Amino acid sequence: MKLLPTVILLLLVLLAFDDVEARGTPRAHRSNHQWSSMFVFGDDFVDNGNVPNIVGEKTSRQWSYPYGSYRNSNWSGAPVPTGRFSNYRMQSDFIARMLGLTEAPPAYELTSDQSCDASGMTFAFGGAGVFKVTSTAKKVPTLAAQVQAFKRLVNDNVISTRQLHHSVALIAISGNDYMSGSEANNGFYSSFNDLDIYMGNVATEILDNVAQLQMLGVRKVLVNNLHPIGCMPSQTSSNNYTTCDLLGNYGASVHNKYLNQMIGERDNVHVLDLYSAFTDIVNHAPGEGSDRSKDFKRKLTPCCESSYEGGYCGERSSSGKHLYDLCENPDKSFYWDETHPTHAGWEAVMEALEQPLMEFLDQDYVP
């Protein structure tokens with residue numbers, strides 16, 4: 001997906017005018033509280049199988065090789081695609097490990113009606129935003145629609161009050177509202193005021209859904225801020241994967257400013273600073289950055305990329321020929337494809353965020 005140039009340019013100007021242990025997991029630290037259940041909402045950063053295996057007449061790429069193709073010296077198992085947009089695990093899996101779970105809870109679409117796993121449920125859907133994102137291939141539920149599906153299960157007592165009292169929710173909104181196909185593209189944002197309203201509406205919608213989850217009984221809520229979207233390979237490809245797009249990153253910082261203003265001090269809510277964690281790995285100043293940054297030889301280049309313009313990772317010809325190139329060692333690449341981190345990339349990000357996250361989870365619940 002490409003960022004919407006007009007929106008991003010306006011974001012930059014707005015900024016100028018505004019004052020304003022299992023394999024591959026973080027350390028085996030578990031919260032002192034019994035947060036035994038997790039509910040996940042958002043987009044492809046945390047979708048573990050809600051996008052259908054088959055869309056139209058084609059297999060969705062995250063359900064086929066090389067997705068799920070994790071390799072290292074300690075594991076030689078066959079690749080098992082699981083519907084995750086990565087070569088193995090992703091953000092919600094690492095957070096689940098911190099809670100003492102084995103992996104992210106099961107996908108809503110893959111769960112039998114009138115049931116919910118003791119570990120919780122994942123409602124996130126690849127390509128989703130807080131507003132509708134157009135797609136010719138599939139109907140993508142918004143964040144609010146995902147929360148409504150959760151609410152129905154609560155009202156039907158499929159999810160019990162006891163489970164809610166031991167629950168943590170994660171909301172991952174990763175930029176689809178600012179991509180082509182979003183309502184930003186379909187609207188006419190010809191003034192700073194129009195853009196300001198749109199940005200405020202995105203943050204307000206996230207806030208409203210946080211409040212809805214809390215009213216339904218979820219005890220702790222985690223909310224991602226927006227990662228530096230200008231560093232995604234989809235944005236760095238135009239300069240041969242050498243530098244991040246400054247306009248895209250400025251746009252992300254504006255989004256994050258609104259998010260912090262609205263929910264930064266809300267009780268029982270913690271903003272996960274993906275922007276800083278990503279930046280310290282892939283876009284830091286010389287001599288700075290995190291220690292894990294040194295682990296990645298390919299920071300702005302995808303491990304898996306199409307062999308022709310306009311294609312995608314995992315694509316095959318009608319005869320079965322691979323139409324993509326795959327790097328030799330995904331553990332040395334931060335990005336897996338044009339948008340999503342590798343297993344190793346997510347591991348590094350979540351190690352950076354682990355301490356403040358665990359401190360938040362260990363704080364007493366504020367009634």
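Visitor: Hi! Is Gln114 buried or exposed?
Guide: Welcome! In this predicted model, Gln114 is exposed, with a relative accessible area of 56%. Anything over 50% counts as exposed.

Visitor: And where is Gln114 found?
Guide: Gln114 sits in the loop between helix 2 and strand 4 (120-122). Its phi is near 60°, a positive value in a residue other than glycine.

Visitor: What about Asn240, what is its phi?
Guide: Asn240 has a positive phi of about 60°, and it is not a glycine. You can find Asn240 in the loop between helix 7 (233-236) and helix 8 (246-263). Asn240 counts as exposed, at 62% relative accessibility.

Visitor: Let's zoom out. How many helices and strands does the chain have?
Guide: The chain has 10 helices and 11 strands. There are 367 residues in the chain, and buried ones make up 54% of them.

Visitor: And how much accessible surface does the chain have?
Guide: About 16,100 Å², with 49% of that belonging to carbon and sulfur atoms.

Visitor: Now the helices. At what angle do helix 9 and helix 10 pack?
Guide: Helix 9 (residues 274-282) and helix 10 (residues 343-362) pack at about 120°, and their axes are 9 Å apart. The two helices are therefore oblique to each other, and their crossing is right-handed.

Visitor: Which residues make that contact?
Guide: Helix 9 brings Leu274, Ala277, Phe278 and Ile281, while helix 10 brings Trp346, Ala348, Val349, Ala352 and Leu353. By type, the residues of this contact are 9 nonpolar, no polar and no charged.

Visitor: How do helix 2 and helix 10 cross?
Guide: The axes of helix 2 (residues 91-98) and helix 10 cross at roughly 40° and come within 9 Å. That makes helix 2 and helix 10 oblique to each other, and the crossing is right-handed.

Visitor: Which residues make the contact there?
Guide: From helix 2 they are Gln91, Phe94, Ile95 and Met98. From helix 10 they are His343, Trp346, Glu347, Met350, Glu354, Leu357 and Met358. This contact of helix 2 with helix 10 divides into 7 nonpolar, 2 polar and 2 charged residues.

Visitor: One last thing: is the peptide bond from Tyr65 to Pro66 cis or trans?
Guide: The bond from Tyr65 to Pro66 is cis, with omega near 10°. Most peptide bonds are trans. To find Pro66, look in the loop between strand 3 (58-59) and helix 2.

Conventions. Residues numbered from 1 in each chain as written. Predicted model: local features only at pLDDT ≥ 70, side-chain atom pairs only at ≥ 80, totals over all residues. Heavy atoms only, no water. Axes fitted to C-alpha atoms, helices over the stretch in contact; angles between N-to-C directions. Helix = DSSP H or I, 4+ residues; strand = E, 2+ residues; numbered from the N terminus. Parallel < 35°, antiparallel > 145°, perpendicular 65-115°, else oblique. Left-handed = near helix turned anticlockwise from the far one by under 90°. Contact = heavy atoms within 4.5 Å. Nonpolar A, V, L, I, M, F, W, Y, C, P; charged D, E, K, R; others polar. Buried < 20%, exposed > 50% of the residue type's maximum accessible area, 1.4 Å probe, protein only. Areas by Shrake-Rupley, 256 points an atom, 1.4 Å probe, with all protein chains shown as cover.
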